[in-house]
Amino acid sequence: MSKVALINASAVQRHLFTEDVIRQVENTWRWYGEGTIEMPAKITLNMESQGIDSWMNSMPSYIKATDYVGIKWVGGFAESRAAGKPYIRASVFLADSHMGDLRAVFAGDRISDMRTGAQAAIMSKYLAAKTEIVTLIGAGVQGYWCLECMSKILDIKEARICDINPAARERMIKRFEGYPFGLIDSPDNSSGCVGSDIIITVTTANVPLIGKKDVKPGALVLTMGSFAEATDELLLGADRKITDSIAQAVHRGSYAHLAEKGLVDESSFDADISSVIVGKAKGRMSEDEIIVAPIIGMGATDAAVAAMLLEKLERDYPDEVFYFDING
Ligand SMILES: NC(=O)c1ccc[n+]([C@@H]2O[C@H](COP(=O)([O-])OP(=O)(O)OC[C@H]3O[C@@H](n4cnc5c(N)ncnc54)[C@H](O)[C@@H]3O)[C@@H](O)[C@H]2O)c1
């Protein structure tokens, strides 16, 4: 009998903790740098041509440390957002890497959202010259998790919240009341970026939200939305370009359109964060260089977080794991 563990959203929400996700995403990037993860670039399925404003990514990986082969199936759904539900919807699957049996299926929204925020925190830990002033452009779900994870490991003094939607800014500021840093409502992106140490763009926009003039020497710019969110001048003119996955950064995220035009290719990136973490490549080289870091998102991070959660649930909360005999 091959039993598949089914992990529902409430089990994920109750038992997956921010600090553990941050640690596991950093582990995953380290393992990738050490060469013990197999992960092809994600494949994007676009449904726009069929009249549906949705896309889905297929993100498989094998991780030696967990010995699972996993996949996150994740997409952006405009109709879900319009209905007041999350834009990003995800499921995660783990299978036995030797026999192929499906081992576990997870409600993946929270896993995906938390690991997305963890990426911003760890990128900042390794690449930021300073972490006092953070500008968040995009006060949605991923923006929330970015700031939440950053607040756990960085010394932030001021967070400026930018978003085209005033209600989203207001909501975000309310969620962070009581945190040990100031919160500034910044309707204008340019003034929100003045003097900022870390700027994150994490919107659903496909237009330049910031330019080189908005970014001070020494700033770290994390572009995390699925499309282009900065001017070509800033993207091309950065002193250093560091990403999570170079192979993916030429197909998706802020540099994809530049790659399509032949203005960047894989050799345009100075390093990936995994190589920086394991010491194979240099991260920041000077206090005053501008680093632009597109974070595209690696499926291995989701599979690693899911494997960690499965182990915890089966060990400590077996009553919350449901099993299904899929081949019965
Ligand atoms: N890099 C990654 O690993 C990763 C992972 C998951 C999602 N994403 C991407 O992150 C982005 C945000 O996803 P989400 O789940 O937070 O969506 P969301 O709908 O919850 O939030 C998006 C926010 O962007 C704001 N926005 C839209 N256009 C804007 C503009 N022109 N200027 C300023 N703000 C604007 C919206 O008002 C909204 O508050 C999407 O592009 C998504 O595909 C990236």
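In the predicted model, the ligand is surrounded by 29 residues, and the closest of these are G140, Q142, T203, S226 and G297. By class, the shell around the ligand consists of 14 nonpolar, 13 polar and two charged residues. At least two residues of this shell come from each of the helices α4 (109-127) and α5 (141-153). The most is given by α5, which supplies three residues. Residues of the shell are drawn from both domain 1 (3-111 + 300-325) and domain 2 (117-297), so the ligand lies between the two domains.

The protein chain contains 12 helices and 16 strands. Its radius of gyration is 19 Å, close to the 20 Å that the globule rule gives for 328 residues, and the chain is therefore as compact as a globular protein of that length. The C-alpha trace spans about 60 × 45 × 40 Å along the principal axes of the chain. Of the 328 residues, 46% count as buried. Among contacts between residues at least 6 apart in sequence, 69% join residues that are at least 24 apart.

The division of the chain is into domain 1, made of residues 3-111 + 300-325, and domain 2, made of residues 117-297. The centres of the two domains, taken over C-alpha atoms, are separated by 24 Å. To the contact between them, domain 1 contributes 18 residues and domain 2 contributes 22 residues. On the side of domain 1 that touches domain 2, the largest share comes from helix α2 (residues 18-34), with 11 residues. That side of domain 1 divides into nine nonpolar, four polar and five charged residues.

Helix α2 has 17 residues, and from its first C-alpha to its last it reaches 24 Å, close to the 24 Å expected at 1.5 Å a residue. The buried residues in α2 are V21, I22, Q24, V25, E26, T28, W29, W31 and Y32. Their cover includes the strands β2 (37-38) and β4 (54-63) and the helices α4, α5, α11 and α12. Just after α2, G35 takes a positive phi of about 85°.

Helix α12 (residues 299-316), which is among the elements covering the buried residues of α2, has 18 residues. The distance from the first C-alpha of α12 to its last is 26 Å, close to the 26 Å expected at 1.5 Å a residue. Buried positions in α12 include the run G299, A300, T301, D302, A303, A304, V305, A306 and A307. Further along α12, L309, L310 and L313 are also buried.

I273 is placed in helix α11 (residues 273-277). With 27 other C-beta atoms within 10 Å, I273 counts as buried, because the criterion for burial is 20 or more such atoms. Leaving aside neighbours within four places in sequence, I273 is in contact with W29, M123, Y126, I242 and D244. The C-alpha atoms of I273 and L147 are 126 residues apart along the chain and are separated by 19 Å.

I198 is found in strand β11 (residues 198-201). I198 is buried, with 28 other C-beta atoms within 10 Å. Not counting residues up to four places away in sequence, I198 touches S124, A128, T131, V134, L220 and L222. Between the C-alpha atoms of I198 and I133, which are 65 residues apart along the chain, the separation is 6.6 Å.

D67 has 12 C-beta neighbours inside 10 Å and so counts as exposed, since the limit for exposure is 12 or fewer. The backbone of D67 has a positive phi of about 65°, although D67 is not a glycine. Most residues other than glycine have a negative phi.

Notes: Residues are numbered from 1 along each chain as its sequence is written. This is a predicted model: local features need pLDDT of at least 70, side-chain atom pairs count only at pLDDT 80 or more; totals for chains, interfaces and linings use all residues. A residue is near a molecule or strand if its C-beta atom, placed from the backbone, lies within 6 Å of it. Helices (H or I, at least four residues) and strands (E, at least two) are DSSP runs, numbered from the N terminus. Ala, Val, Leu, Ile, Met, Phe, Trp, Tyr, Cys and Pro count as nonpolar, Asp, Glu, Lys and Arg as charged, and the others, Gly among them, as polar. Domain bounds come from an automatic or database domain assignment. The expected span of a helix is 1.5 Å times one less than its number of residues. The radius of gyration is taken over C-alpha atoms; the globule rule is 2.2 Å times the number of residues to the power 0.38. Two residues are in contact if their C-beta atoms, placed from the backbone, lie within 7 Å.
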